[in-house]
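Keep the viewer open as you read.

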Amino acid sequence: KKYLDTDFIGRNIYYFDSINSTNKKAKEIAFGEKEGTVLVAEEQANGKGRLGRQWISPKGKGIWMSIVLKPKVDPMTVAKITLLGAAAVHKALINMGIKSEIKWPNDILIDGKKVCGILTEMSAELNMINYVIMGIGINVNLDEDDIPEDLKDKATSIKIKKGEIIDRKQLLATVLNEFEKFYIDFINNNIVSKAINICKENSALIGKEIKVIRGEEIRLGRALDINEEGELVVEFKEGDIENIYSGEISIRGM
Ligand code: ADP
C-alpha cells in the first residue's frame, strides 16, 4: 500500500463530512491558502459539473475534492491543467487494473460511462492568475442504486466495474501523487507532453464522429487529435479543421 508521497499537493487537507460544493468552498478560501491545499468531502449537497450542471455526490461513496493551485503561468494555458488531472486519474485507475478512456477535456469513462468528471475554475486579473480550483469527482464505491435513473446509461463507478469495495484513501493519495508529478513538469518546465500523450492514447474521441456544441450552434465532425496546446483538433463535415480550446463547449459522441 502506498499513501501520500507529494511535496505540496494535499499536504494541507480540509475534510468535510458534508458540504454544498468543494469547488465553491475552495473559491471562498483560495486567497488565503497555499498552493496544493485540498478540500475533500464525504458528500456534496450541490456538486457542480460544467455550465452549472449537477454532479451527484452520494455520501461516503466517492472522492469529491478540489485542489487549490496558484500556477505562475499564462491564464490562456490553464485548460491544460484539466488534462493533467485527467491523466493522473487515468494512471491511478491503471494502477488498479482498470483501463479507462479520457473524454476530452474533462471526463474519464469506463466502458463508455462516466466514472470521473473534472471541473477547473480560475480567477485571474490581467495576465496574472490569482488561483485555479480543480475539482475532481470520482465515482468510487457507488452501487447501481446510487445512480439516478436518468444517468444509468451515462454513469458508472469503480466498484461497479471491479465488483469490490475500493480503498478511497489510497486512491485519493495515488491521484494526488500522480497529479503532482505532471503539475511540477508543467509549472517548472512548461512540459505537458506526458499527460497529453496519455489523453491521446486513451482518448474516447479521437478518430470518432462527434458533435461540437457551442451555445445554439451544433456542428458535426471528426476528432483528429489533441495538439501540444491541449486543444482538440476537429475536422468538420464541411472540410474545415479547427483547434478547439476547452472553453464553453460540449462534445458528444454519436
Ligand atoms: P459534460 O462534460 O458531459 O458536458 P459535465 O462535465 O458538466 O458534463 O458533468 C455534468 C453531467 O454529468 C450531468 O449533467 C450529468 O449528466 C452527469 N453526472 C452528474 N453526476 C454524475 C456522476 N456522479 N457520475 C457521472 N455522471 C454524472
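Seven strands make up an open sheet with mixed pairing. Their order is β1-β2-β3-β7-β6-β5-β4. The edges are β1 (13-16) and β4 (101-103), each of which pairs on one side only. From one strand to the next, the twist averages 15 degrees. This is a predicted model. Mean pLDDT for the protein chain is 95, and 98% of its residues reach 70 or more. The model's ipTM is 0.96 and its pTM is 0.96.

β1 pairs with strand β2 (residues 38-41) in the parallel sense, over four bridges. Within that pairing, Y15 has V40 in β2 as its bridge partner.

Now move from the sheet to a helix. α4 lies across β2, β3 (62-69) and β7 (128-139). Relative to β3, α4 runs at about 30 degrees.

Two packed helices are described by the angle between their axes and the distance between the axes. Here the axes of α2 (residues 79-95) and α4 (residues 168-189) come within 8 Å and cross at roughly 140 degrees. The crossing of the two helices, α2 and α4, is right-handed.

Which residues in α2 and α4 meet? The α2 side includes I81, L84, A88 and K91. The α4 side includes L171, V175, E178, F182 and F186. By class, the contact of α2 with α4 has twelve nonpolar, three polar and three charged residues.

Methods:
Residues are numbered from 1 along each chain as its sequence is written. This is a predicted model: local features need pLDDT of at least 70, side-chain atom pairs count only at pLDDT 80 or more; totals for chains, interfaces and linings use all residues. Side-chain values use heavy atoms; hydrogens and water are left out. Axes are lines fitted to C-alpha atoms, for helices over the stretch in contact, and angles run from 0 to 180 degrees between N-to-C directions. A crossing is left-handed if the near helix is turned anticlockwise from the far one by less than a right angle, and right-handed if clockwise. Contact means heavy atoms within 4.5 Å. Ala, Val, Leu, Ile, Met, Phe, Trp, Tyr, Cys and Pro count as nonpolar, Asp, Glu, Lys and Arg as charged, and the others, Gly among them, as polar. pLDDT is the predictor's confidence in each residue, from 0 to 100. Two strands pair if DSSP finds at least two bridges between them.
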